[in-house]
Amino acid sequence: MGESKQNPSKVFGEIPANNIQLVDFLYLDIPRLDSYISQIQNGTLRSVSKTIGTNQGSSVLGTVGVNIGMNANVNYKSNETSTENATENYDPFHSRFIELFNALNLNNIDFNSQYVGQLGILKSSVTIRDLKDMASVLPVLADNKVLSAELTKDTKSQLKAMGQLFNALNPAIDITLYTGEKVASGTLKREYLSVSITDLIKNYGNSLPGEWFTIGIFDTPSSSIATPAVDQSIESVVDMYSSTVNSIYASADLRVTPIAVFRALTL
């Protein structure tokens, strides 16, 4: 089950004391991460309070009369400790997730191993594809006389059919992780992206620059996808639909449910 280890603290904190290392989170499944933290710590930290005591001092310049008819200037000084405290509240924000990753000592995912529900980390190249946009574009491409001028009638029909299929699947954002010839595939939820998918594609296209770390739940897919027997039951229809959807991603070596996707920043 992936005997080699890669401690995420190498990404998050093992740096010279006079330097700072930051990571850029592209994706965080916050509800799932909060669930893990609460299971370990019997709750999820929402804020930290810091109380600071304050000291007060005072000095007074006064004139004291003496009975021999001379006046003298005297300084009166006093030091007092105030009972008043200032309270500052901090939101742990992403630091609580970094602490979680460091504490878990996650498995470094090995494509040569078999996994079932393995929480681990993988360093790879990343490609993202917005299937929702693709579902909208395919019918337009098929119907546009200029763009489809060289396409056959059958090809246009296939493009429309693919667009209808994507729409029926309630398309998500597809993520593919590449390490050499090995591939892991999964999906991302739009609401957990730190940058909109439109901006990502505008800036980088489908392939993100550099190498990224993905923390997630990894599973090895079945080597063969059984075609369910067709009968009149609703269960059979649902099984056939699920088998068809699963077969679309059959070429991946691993399936991943991403929890966090990030990269180390260069300062």
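The chain holds seven helices and nine strands, where helices (H or I, at least four residues) and strands (E, at least two) are DSSP runs numbered from the N terminus. This is a predicted model, in which local features need pLDDT of at least 70 and side-chain atom pairs count only at pLDDT 80 or more, while totals for chains, interfaces and linings use all residues. Residues are numbered from 1 along each chain as its sequence is written, and side-chain values use heavy atoms, with hydrogens and water left out.

**Exercise 1. Describe the surroundings of Thr176.**

Step 1: find the element. Thr176 belongs to strand β6, residues 173-179.

Step 2: Thr176 counts as buried because its relative accessibility is 5%; buried means under 20% relative accessible area, exposed over 50%, and partly exposed in between (1.4 Å probe, protein chains only).

Step 3: list the neighbours. Leaving aside residues up to four places away in sequence, Thr176 touches Ser125, Val126, Thr127, Arg129, Val183, Ala184 and Ser185. A contact here means heavy atoms within 4.5 Å. Thr127 is 49 residues from Thr176 in sequence, yet their C-alpha atoms are 5.2 Å apart.

Step 4: look for polar partners. The side chain of Thr176 makes a polar contact of 3.1 Å with that of Arg129, and another of 3.2 Å with that of Asp174. A polar contact is a pair of N or O atoms within 3.5 Å; within protein, one must be able to donate a hydrogen and the other to accept it, and residues adjacent in sequence count only if both atoms are side-chain atoms.

**Exercise 2. Trace the pairing from β6 through β7 to β9.**

Step 1: β6 and β7 pair in the antiparallel sense over seven bridges; two strands pair if DSSP finds at least two bridges between them. Asp174, the polar partner of Thr176, stands opposite Thr187 in β7.

Step 2: inspect the turn. Two residues lie between the strands of this hairpin, and Gly180 takes a positive phi near 65°.

Step 3: move on to the next strand. β7 runs parallel to β9 (residues 254-264), joined by two bridges. Ala184 faces Leu254 in β9.

Step 4: judge how covered β7 is. Five of the seven residues of β7 (residues 182-188) are buried, so the strand is largely enclosed by the rest of the structure.

**Exercise 3. Summarise the chain as a whole.**

Step 1: take the burial. Of the 267 residues in the chain, 30% are buried.

Step 2: take the contacts. Among those between residues at least 6 apart in sequence, 76% join residues at least 24 apart.
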